[in-house]
Amino acid sequence: MAEVGKSCEAQPACDLAHMTRAVTREGVTAGPSSNLTMLNAVSVSLTVNGACHHLTLDPRTTLLDLLREHLDLTGTKKGCDQGQCGACTVLIDGRRVNSCLSFAVMHEGAQVTTIEGFAANGALHPLQQAFIDHDAFQCGYCTPGQICSAAGLIAEGRAKTAEEIRELMSGNICRCGAYTNIVAAIQQAMERS
Amino acid sequence: MIGFQYTRASDIGDAIRLAAGDPNAKFIAGGTNLIDLMKMDVELPGRLIDITQLPLKQVEITPGGGLRIGALVRNSDLAYHPLVAERYPVLASAILAGASQQLRNMASMGGNLLQRTRCHYFYDTATACNKREPGSGCSAIDGLNRMHAILGASEACIATHPSDMCVALALLEAKVHVDGASGERVIAFADFHRLPGDTPQKDANLDADEIITALELPPRGFATHYTYLKIRDRLSYAFALISVAAGLELDGETIKEGRFALGGVAHKPWRDPEAEAVLRGQSANAGTFTRAADVLLRDAKGFAHNSFKIDLARRCIARALTQASRGTPQSHSSKQIA
């Protein structure tokens, strides 16, 4: 989270490894000199966890698939891929969204934060620590989405009570049924934020 | 998903020109429904016109004392907008009753109006569906139709419109501002969505080259006596079986003006002037409310799995009007129905 202030514009020379990198539909990364034959390719620049990426993408690429298949950020999970489970939740410019229902090329200039961007300087984010403290997961598959969603929830400042947390976290399904402990973990992080 | 051309529109005129020049083009804003349908091969646009950079994100008071809401305002931003919370709380309540916060953070106002039915057969390309493929038949009429319409359906389609927000907009008599190749026009909310008839493939009275630019709310907001009551299979994050937006203006116990609109019952948000006429000038009590409900439901027709919705709708109308008359709107965090 600490890195998220830097935008692509602010650091044009950032992250040379990613610059002008092209990604084919199959997810094979091609260097700047490759011949691009990709149909309908679109260029986009965005910042993920503080790192700037200049990409050429098939416009069908969802933000979720960009993160997982092209940037190797597999912390964000693909659950239903239809906006029904919340496992793919990330923050775009600080707001929680379903990354499976958004095309990556529509986020020119955006600052994306995934679960990989939460811990800073080797220390867990308060929400990550709270989920451990309260045993707020079983299998853990929904957890990155739960934590990203909870970060958005706390930033929104609309939920005060356990009832309100439950309602405003209803877009994140936990099939293990850890909801009671998830609410307790969020309350802990909320009190300390 | 099939391939498509992707174009970012630079201004409204550009967006309209692009749409007018390509019959297979679609506008995309929040994308929360369109992308889902594209993944399912239900929507097959050859071109997507990204309109998210257009200047349609303002919320402003109109000279007449109403509110003009840009089509690209996010659903969550509008639900929490101070002017909406103060003057149109039924709209805020309806928005927050729908979807999840993640989806509301993405979804635009215009896109909410244009979202498509969640009928399972519409989504399942292995089945017949007149809305998806005109002339192929309706699988829901003799299929699993628990979520389907009890009012205004046709032999071609018994789907429902899924929006919560639109039920409140119908109650408030919003106007839909659109722009297109033939110029600008304003559509009354009641005339925007269509009944299925024999053309269920067409959900709204909007041409392919027309773009929604704004929604306009009249001054009357029913901010004192209102509710949005939504009954669904889960306590949150589910589409309505029945929802009721209600707004009353009272003089003591007497109803000066009373409106109610239903979601989950028809191909469009459902209002009935004859049912609302039952309320006017009458005492705000259970007997009045039930009589109004009976008038609204006089032609209701159930199918194999959804006949329960007729009685449920009757009870929801009476309950919602009671909540509105008492000034105790339904809370969406406390699930107790007062």
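Chain B has 13 helices and eleven strands. Its radius of gyration is 20 Å, close to the 20 Å that the globule rule gives for 338 residues, so chain B is as compact as a globular protein of that length. Keep in mind that this is a predicted model.

**Chain B overall**
- The C-alpha trace of chain B spans about 60 × 50 × 35 Å along its principal axes.
- Of the 338 residues in chain B, 52% are buried.
- Take the contacts in chain B between residues at least 6 apart in sequence: 65% of them join residues at least 24 apart.

**Where chain B touches chain A**
- Chain B puts 23 residues into the contact, and chain A puts in 26 residues.
- On the chain B side, strand 1 (5–8), helix 2 (34–39) and helix 6 (101–106) each supply at least two residues.
- Helix 6 of chain B gives the most to that side, with five residues.
- Sorted by class, the chain B side has 13 polar, seven nonpolar and three charged residues.

**A helix pair in chain A**
- Helix 3 (residues 143–156) and helix 5 (residues 179–192) of chain A pack at an angle of about 45 degrees, and their axes are 11 Å apart.
- The two helices, helix 3 and helix 5 of chain A, are therefore oblique to each other, and their crossing is right-handed.
- Helix 3 of chain A makes the contact through Gln146(A), Ala150(A), Leu153(A) and Ile154(A), while helix 5 of chain A uses Ile182(A), Ile186(A), Ala189(A) and Met190(A).
- By class, that helix contact has seven nonpolar residues, one polar and no charged ones.

Definitions and conventions. Residues numbered from 1 in each chain as written. Chains lettered and ligands numbered in written order. Predicted model: local features only at pLDDT ≥ 70, side-chain atom pairs only at ≥ 80, totals over all residues. Helix = DSSP H or I, 4+ residues; strand = E, 2+ residues; numbered from the N terminus. Rg over C-alpha atoms; globule rule 2.2 N^0.38 Å. Buried ≥ 20, exposed ≤ 12 C-beta atoms within 10 Å, placed from the backbone. Contact = placed C-beta atoms within 7 Å. Nonpolar A, V, L, I, M, F, W, Y, C, P; charged D, E, K, R; others polar. Axes fitted to C-alpha atoms, helices over the stretch in contact; angles between N-to-C directions. Parallel < 35°, antiparallel > 145°, perpendicular 65-115°, else oblique. Left-handed = near helix turned anticlockwise from the far one by under 90°.
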